Amino acid sequence: MKIEHIALYVKDLERAKDFFTRYFHAAAGEKYHNPKTGFQSYFLSFQGECRLEIMSNPQMVNMEKLPARTGYAHIALSVGTKETVNSLTEQLRKDGYRIISNPRTTGDGYYESCLIDLEDNQIEITI
């Protein structure tokens, strides 16, 4: 058994697609649009079998995303090396994203940094 994909609702579908394709080299599939409901989505593919579905719907509610809460906490994206974690973190900082933890080795052995994206979702960048 494997996780087929993870889905994330976003307010600005195109901006979210651009974020993941620019910084994490995701390949975006064709845009899906249901004209009856207004629902729209893209499947984003990353190296390997990992896919993220980003979705938007006019009826969705934008709730506050507290850092410590029940439910999904973050998306962790592996970029391959410490150097890439460091350089990507700095590029995101320069581009105005809020870095909430600088690159470091965690107590459980991960080398990572964390940021908040433009829709207040936490993204972990790791090896």
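**View 1. Contacts of Gln-122 in a predicted model.** Leaving aside residues up to four places away in sequence, Gln-122 touches Ala-73, His-74, Ile-75, Ile-100, Cys-114, Leu-115 and Ile-116, where contact means heavy atoms within 4.5 Å. Gln-122 lies in strand S9 (residues 122–126); helices (H or I, at least four residues) and strands (E, at least two) are DSSP runs numbered from the N terminus. With a relative accessibility of 18%, Gln-122 counts as buried (buried is under 20% relative accessible area, exposed over 50%, partly exposed in between, with a 1.4 Å probe and protein chains only). This is a predicted model, in which local features need pLDDT of at least 70, side-chain atom pairs count only at pLDDT 80 or more, and totals for chains, interfaces and linings use all residues. Residues are numbered from 1 along each chain as its sequence is written, and side-chain values use heavy atoms, with hydrogens and water left out.

**View 2. Cys-114 and Cys-50.** The structure holds 0 disulfides, a disulfide being a pair of cysteine sulfur atoms within 2.5 Å. Cys-50 is in no disulfide, and its nearest cysteine sulfur belongs to Cys-114, 16 Å away. Cys-114 is buried at 5% relative accessibility, whereas Cys-50 is partly exposed, with a relative accessible area of 42%.

**View 3. Glu-90 in helix H2.** Glu-90 is placed in helix H2 (residues 82–94). Glu-90 has a relative accessible area of 36% and is therefore partly exposed. Asn-102 is 12 residues from Glu-90 in sequence, and their C-alpha atoms are 9.2 Å apart in space.
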